[in-house]
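Visitor: I am new to this structure. Could you take me through a close look at a single part of the fold?

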Amino acid sequence: MSKVTQIDHPLVLHKLALIRDKNTGSKDFRELVEEVAMLMAYEVTRNLQIEDVEIETPIAKTTCKMLSGKKVAIIPILRAGLGMVGGILKLIPAAKVGHIGLYRDESTLKPVEYFCKLPQDIGEREVIVTDPMLATGGSAIDAITMLKRKGAKNIRLMCLITAREGVEAVIKAHPDVDVYTAAIDEKLNENGYIVPGLGDAGDRLYGTK
């Protein structure tokens, strides 16, 4: 069964408040999104497998812990999900990055696929799907479905801000996928945007309207 984890570390909450602020410009917004993603990655990767390895310090031989098992793939949902990738790569530089392109039809609010490029060994990797906003959940559900069709088995969804409706939709559609978020906001408005949210993450990342 899915687990929903809200990461409420003081540094995450502080930076998230700056991200929400309408007066935060694109440069600062991009940097803050990357920083929050890096901080959240500590929790998202908490259950990665480790193994004992023997190393030699300048003083003596000793046994330490290092990562083992499956490698990591980061899969941003284009375009806003790209803003979170850099922060995770700073912690896991060996991770491979795939891309899934979906956009929301403004009239139906349903996601439309236009691009999918994944690592060939996606089925052997721990997959972290990134998208700053989880509103209706449609894009995330479709992206995860696409990943499973390509062979992905161990998938986690990482978002900055979610609506409860979106979280519930994802875990109903994909009960084997854990969801990580920095905030669960109060509702969606009539246009399907999260309230209070932060506006359109893609536009704020890249300075578009």
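Guide: Happy to. Let us begin with Thr 162, which lies in strand 10 (residues 154–163); strands here are DSSP E runs of at least two residues and helices H or I runs of at least four, numbered from the N terminus. This is a predicted model, in which local features need pLDDT of at least 70, side-chain atom pairs count only at pLDDT 80 or more, and totals for chains, interfaces and linings use all residues. Residues are numbered from 1 along each chain as its sequence is written, and side-chain values use heavy atoms, leaving out hydrogens and water.

Thr 162 has 0% relative accessibility and therefore counts as buried (buried means under 20% relative accessible area, exposed over 50%, partly exposed in between, with a 1.4 Å probe and protein chains only). Leaving aside residues up to four places away in sequence, Thr 162 touches Leu 134, Val 167, Thr 181, Ala 183, Ile 184, Asp 185 and Ile 194; contact means heavy atoms within 4.5 Å. With one of these, Thr 181, the side chain of Thr 162 makes a polar contact of 3.4 Å (a pair of N or O atoms within 3.5 Å; within protein, one must be able to donate a hydrogen and the other to accept it, and residues adjacent in sequence count only if both atoms are side-chain atoms).

Strand 10 itself also meets helix 3: the buried residues of helix 3 pack against several elements, including strand 10, helix 2 (26–44) and strand 4 (71–78). Those buried residues of helix 3 (residues 82–91) are Gly 83, Met 84, Val 85, Gly 87 and Ile 88.
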